[in-house]
Amino acid sequence: QVQLVESGGGSVQAGGSLRLSCAASGYTRAPRCMGWFRQAPGKEREGVAAIVTLSTRNLRTSYADSVKARFTISRDNAKGTAFLQMNGLKPEDTATYYCAAEWSELCGGAPVPEGDYNYWGQGTQVTVSS
């Protein structure tokens with residue numbers, strides 16, 4: 001059974017950095033699509049970043065406009081792990097961050113739609129104070 005476990009959340013001051021990790025288990029090959037979403041209290045879940053393995057050496061990344069140039073998504077396919085490096089954090093980045101993964105060859109796009117993902121982690125809290 002596939003499981004996704006996020007880690008790395010915490011509390012930081014504005015301008016600080018955090019690195020989130022998402023470890024996938026229970027699979028036989030790395031997922032084609034991995035992404036990060038976030039949900040702040042009272043708001044809908046929104047896509048943050050996605051990374052798609054198009055081929056062995058060809059990865060496609062996409063970002064929400066609000067995090068471009070501040071966040072970087074990466075992955076280690078050998079370990080089935082995705083990362084989200086978050087720099088220059090702002091109070092408006094405060095949210096629960098969720099990792100998502102999908103193995104289907106049909107997942108893709110830039111950004112990858114939320115509906116493309118069938119596997120989700122439990123979330124990790126990120127709090128940014130001003």
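**Rings and cores**

Ring pairs link Tyr-27, Trp-103 and Tyr-119 into a cluster, where rings of Phe, Tyr and Trp (its six-membered ring) pair if their centres lie within 6.5 Å, with planes under 30 degrees apart counted as stacked, over 60 as edge-to-face and the rest as tilted. This is a predicted model, in which local features need pLDDT of at least 70 and side-chain atom pairs count only at pLDDT 80 or more, while totals for chains, interfaces and linings use all residues. Residues are numbered from 1 along each chain as its sequence is written, and side-chain values use heavy atoms, with hydrogens and water left out.

The structure holds five aromatic pairs. One of them joins Phe-37 and Tyr-117 edge-to-face, at 5.5 Å centre to centre and 85° between the planes; because Phe-37 lies in strand S4 and Tyr-117 in the loop between S9 and strand S10 (119-120), this pair ties together parts that are 80 residues apart in sequence (strands are DSSP E runs of at least two residues, numbered from the N terminus). The rings of Tyr-117 and Trp-120 are also edge-to-face, since their centres are 6.0 Å apart and their planes at 70°.

The charged end of Arg-45 sits over the ring of Trp-120, 3.9 Å from its centre, and over that of Tyr-98 at 5.7 Å, the criterion being CZ of Arg or NZ of Lys within 6 Å of the ring centre and within 35 degrees of the ring normal.

The largest nonpolar core has 26 residues, being a set of buried (under 20% relative accessible area, 1.4 Å probe, protein chains only) Ala, Val, Leu, Ile, Met, Phe, Trp, Tyr and Cys residues joined through side-chain atoms within 4.5 Å.

Notes: Buried < 20%, exposed > 50% of the residue type's maximum accessible area, 1.4 Å probe, protein only. Helix = DSSP H or I, 4+ residues; strand = E, 2+ residues; numbered from the N terminus.
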